[in-house]
Amino acid sequence: MEQETRDLRKAGLKVTHPRMRILQVFEEADERHLTAEDIYKRLLAHQEDIGLATVYRVLTQFEAAGIVMKHNFEGGQAVYELDRGKHHDHMIDIDSGKVIEFISEEIERLQHEIAERHGYVIEDHSLVLYVRPKKKAR
């Protein structure tokens, strides 16, 4: 609870029950990427009286404050994840919708080399790979 309170205050947001509970949902979730509806359903399961519109409003505030990152992966709903400050990329399983995070120093190095070769410096980037499981040999 103390960490969530500090996170909210550091972002300049008042500590309210809906904000605290939504942060706790992120902290307690096994998955790192949640839709607004996922959060709403988890709140309902804990008998929380927090509406879906409030969930969306809080997520928008969290995104503006840098607490969460919003991803709009193709073919799916927006998903949110806590912004832990460490860059990573994503793979999306196009059959199941599963989001897989990965870090590749080699890919990062290549991107910088390519930008440099063309006379640019990377300010920010997002890499999303849309994947399908390999067929298993029989």
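Q: Quick one to start. In strand 5, what is the bridge partner of I92?
A: It's Y130. Bear in mind that this is a predicted model.

Q: And how do strand 3 and strand 5 pair, parallel or antiparallel?
A: Parallel, over four bridges.

Q: What about strand 3 and strand 4, parallel or antiparallel?
A: Antiparallel, again over four bridges. Strand 3 covers residues 89-93, and strand 4 covers residues 99-102.

Q: How many residues sit between strand 3 and strand 4 in the hairpin?
A: Five. G97 is in that turn, with a positive phi of about 85°.

Q: So what's the strand order in the open sheet?
A: The order is 4-3-5, three strands with mixed pairing.

Q: Which are the edge strands?
A: Strand 4 and strand 5 (128-131). Each of them pairs on one side only. From one strand to the next, the twist averages 25°.

Q: Switching to helices. At what angle do helix 2 and helix 3 pack?
A: About 105°, with the axes 10 Å apart. Angles of 65 to 115 degrees count as roughly perpendicular, so helix 2 is roughly perpendicular to helix 3.

Q: Which residues make that contact?
A: From helix 2, R21, I22, V25 and F26. From helix 3, I39, R42 and L43.

Q: How many of those are nonpolar, and how many charged?
A: Five are nonpolar and two are charged. No polar residues take part.

Q: Now the inside. How many residues are in the largest nonpolar core?
A: It has 22. I22, F26 and I39 are among those with the most contacts inside this core.

Q: Which elements give two or more residues to the core?
A: Helix 2, helix 3, helix 4 (52-65) and strand 2 (79-82). Helix 2 gives the most, with five residues.

Q: Why would nonpolar side chains gather like that?
A: In soluble globular proteins, nonpolar side chains tend to be buried together.

Q: You listed I67. Which residues is I67 in contact with, leaving aside neighbours within four places in sequence?
A: D7, L8, A11, L13, L23, F62, E81, L82 and D83.

Q: Last topic, A115. Where does A115 lie?
A: In helix 5, which spans residues 105-117.

Q: Is A115 buried or exposed?
A: Buried, because its relative accessibility is 12% and the cut-off for buried is under 20%. Beyond neighbours within four places in sequence, A115 is in contact with Y120 and I122.

How values were computed
Residues numbered from 1 in each chain as written. Predicted model: local features only at pLDDT ≥ 70, side-chain atom pairs only at ≥ 80, totals over all residues. Heavy atoms only, no water. Axes fitted to C-alpha atoms, helices over the stretch in contact; angles between N-to-C directions. Parallel < 35°, antiparallel > 145°, perpendicular 65-115°, else oblique. Contact = heavy atoms within 4.5 Å. Nonpolar A, V, L, I, M, F, W, Y, C, P; charged D, E, K, R; others polar. Pairing = 2+ DSSP bridges. Core = buried A, V, L, I, M, F, W, Y, C linked by side-chain atoms within 4.5 Å. Buried < 20%, exposed > 50% of the residue type's maximum accessible area, 1.4 Å probe, protein only.
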